[in-house]
Structures are given as C-alpha cells and as structure tokens.
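Visitor: Hi, could you walk me through this one? I have a few quick questions.

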Amino acid sequence: MLEVHDLTVRFGGITALDGVGFGVAGGEMVGLIGPNGAGKTTLFNCLTRRYDPDAGSVTYEGTDLTTLPPHAIAGLGIARTFQNLGLFPRLSVRDNVLVGAHHRARAGFLSAGLRLPGVRREERELRADADAVLERLDLAGVAGHPATGLPFGTLKRVELARALIGRPRLLLLDEPVNGLNAAEVEEFAGTLGAIRDEYDLTVIVVEHHMGFVMGTCDRIVCLDFGRKIAEGPPEQVQRDPAVIEAYLGTA
Ligand code: ATP
C-alpha cells in the first residue's frame, strides 16, 4: 500500500531523515519508534505533504505523494492525529469531529475538480457519520460538550474520532497514548484493535510507549538520528542491540 523510498529531509545543518526506506502492506499496523529527535514526526510530515523531502519518494497505491498538493492527501484516504492535540477548545466534541469530515470532503471535492457547494449537500450524511463515530468511541455523551475541560483520555479519543470521520484507509497516529494512564492505554489499545478491523484500516503509529507498541503492532521500524536502524516483528526489534543502544544511549 505504501512504499517509502530513500527519504531524506534536511533542516539547515540537521539531517532529520537520512535515506529512510520501508513498506507497509494493506491491513498492517506498523510501529515507528526511536528516541527523541529520531525523525518520526518528520516522516509523518512527509507522508502528509507538510514537508517536501530533499530526496526520495513516498508511493501510496502507485501514486507518488511527493508530487501532490497537500490538500489532495486527505482525499486519497490518509488521515493523521497529532502529538499535541490539534483540537479547537471552544468547539463542541461533535463540531471538532465534523471539522475532520469537512476537511476530507473538501479535499475530495477539490481533487475531483468539483465545486464546494456540493459539500453542503453532504452535510446531513456527514453529521450522521460523526454521530456514528462518536457513538463507536463512547463519546456520544460528551458530543455537545466543548473540548476544553474534558479529561485528557477523552480528548485523545476525540482526536481519533476526528481522523476516523474522514473514513481513511491509512491512519497515521502520532503518540496516541502519550499522557494516558496505564488503564487508559490498555483501553485505547483495545479500541484501536477493534476499530482497525471494523474500518479496514492500515495504521502507522509513532509511539514511545513500548508496551503499547510491542503489544499492538505487527511490525516495528526503528529510527535513530534520521536513519532506519532496525525493522521487523516486535519481539525481534525489542532484542536488537542497535535498538537497545539507541534507547539506553539517550536515557
Ligand atoms: P520526538 O519523539 O521527540 O517527537 P521525532 O522522532 O518525532 O522526535 P522529529 O520531530 O521528526 O523527531 O525531529 C527530527 C529532527 O529534525 C530533530 O533534530 C528536530 O529538531 C529537527 N526538526 C524537525 N522539524 C524541524 C523544523 N521544522 N525545523 C528545523 N528542525 C526541525
């Protein structure tokens, strides 16, 4: 489904990604790990066209993403969540989710060359979709509540709902369990596993929580200083001396 080939990104003197390559098959859940500053978020930013790579390519179902305008990405069925929640505090939970829906619909219409008024005709359908996703993520009870003031674990689920409302096929999760307590991490892992099947998702997840990554992902890619230092099943990567050294060296 996704092929990252020889991806390189430089910021002045810093090489954030240095010739990184890996593939992701449809239906897989891949964990992207590595110490702080390893280049994980930069990689997500290349996949979503926030950054232009200096070299390399990202091919999604045969399309080179690096040649597309950023607004076309959501229209292709790629959605992401953010490390620091990108929610609008004063908007209700439902409206925060609908922002995601409009973003996807708008991107789809733009890439299809259609005029925006068509989006309005979809309004009722989008609201029904939003309510279904909110229900699924156990958020129906807070749908009308402003995002501000809700517990952090709830906000993390709102962020997930907002990504799901676009009905993505490839979901990019940036530190989804960061800041959650042990019980919330376990609950999130269960929800994600179920949702992955129900929505037929392919997932790439950036996460520092090793228990979560090792327990939920099919395969792990480890970056360090912008380079891929390991790739394989969780149990193999966990024992890899280069991975252990990368983490201990920065502890
Ligand atoms: P963390 O786990 O701390 O979120 P990360 O693996 O996601 O780290 P990145 O945020 O991708 O790492 O950063 C990789 C390197 O690129 C770091 O040295 C960072 O300072 C640098 N970097 C990232 N974005 C920019 C930017 N917009 N301008 C300059 N340097 C940047």
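Predicted model: local features only at pLDDT ≥ 70, side-chain atom pairs only at ≥ 80, totals over all residues.

Visitor: Which helix is Gly193 found in?

Guide: Gly193 sits in helix α7, which covers residues 182-198.

Visitor: And how far is Gly193 from Asp52, C-alpha to C-alpha?

Guide: Their C-alpha atoms are separated by 32 Å, and the two residues are 141 residues apart along the chain.

Visitor: Okay, new topic: the ligand. How many residues surround the ligand, and which are the closest?

Guide: There are 15 residues around the ligand, and the closest are Gly37, Lys40, Thr41, Thr42 and His208. By type, the shell divides into 6 nonpolar, 7 polar and 2 charged residues.

Visitor: Which element gives the most to that shell?

Guide: That would be α1, with 3 residues. Both β2 (14-24) and α1 (40-47) supply at least two residues each.

Visitor: Which backbone atoms lie by the oxygen atoms of the ligand?

Guide: Gly37 has a backbone N or O atom 2.8 Å from a ligand oxygen. For Gly39, a backbone N or O atom lies 2.9 Å from an oxygen atom of the ligand. Thr41 also has a polar backbone atom 2.9 Å from a ligand oxygen.

Visitor: How much of the ligand does the protein bury?

Guide: The protein buries 65% of the 630 Å² that the ligand exposes when taken alone.

Visitor: Back to α1, then. Is that helix mostly covered or mostly open?

Guide: Mostly covered: 7 of the 8 residues in α1 are buried. The buried ones are Lys40, Thr42, Leu43, Phe44, Asn45, Cys46 and Leu47. Just after α1, Arg49 takes a positive phi of about 65°.

Visitor: Last topic: what's in the largest nonpolar core?

Guide: The largest nonpolar core has 44 residues, and those with the most contacts inside it are Ile33, Leu137, Leu164, Leu171 and Phe212. Helix α6 (residues 152-164) gives the most to this core, with 6 residues. Apart from it lies another core, of 28 residues, among them Leu7, Val20, Tyr60 and Val206.

Visitor: What does Leu137 touch?

Guide: Leaving out residues up to four places away in sequence, Leu137 touches Arg157, Leu160, Ala161, Leu164, Thr191 and Ile195.

Definitions and conventions. Residues numbered from 1 in each chain as written. Heavy atoms only, no water. Core = buried A, V, L, I, M, F, W, Y, C linked by side-chain atoms within 4.5 Å. Buried < 20%, exposed > 50% of the residue type's maximum accessible area, 1.4 Å probe, protein only. Helix = DSSP H or I, 4+ residues; strand = E, 2+ residues; numbered from the N terminus. Contact = heavy atoms within 4.5 Å. Near = heavy atom within 4 Å. Polar contact = N/O pair within 3.5 Å; in protein donor to acceptor, adjacent residues only side chain to side chain. Areas by Shrake-Rupley, 256 points an atom, 1.4 Å probe, with all protein chains shown as cover. Nonpolar A, V, L, I, M, F, W, Y, C, P; charged D, E, K, R; others polar.
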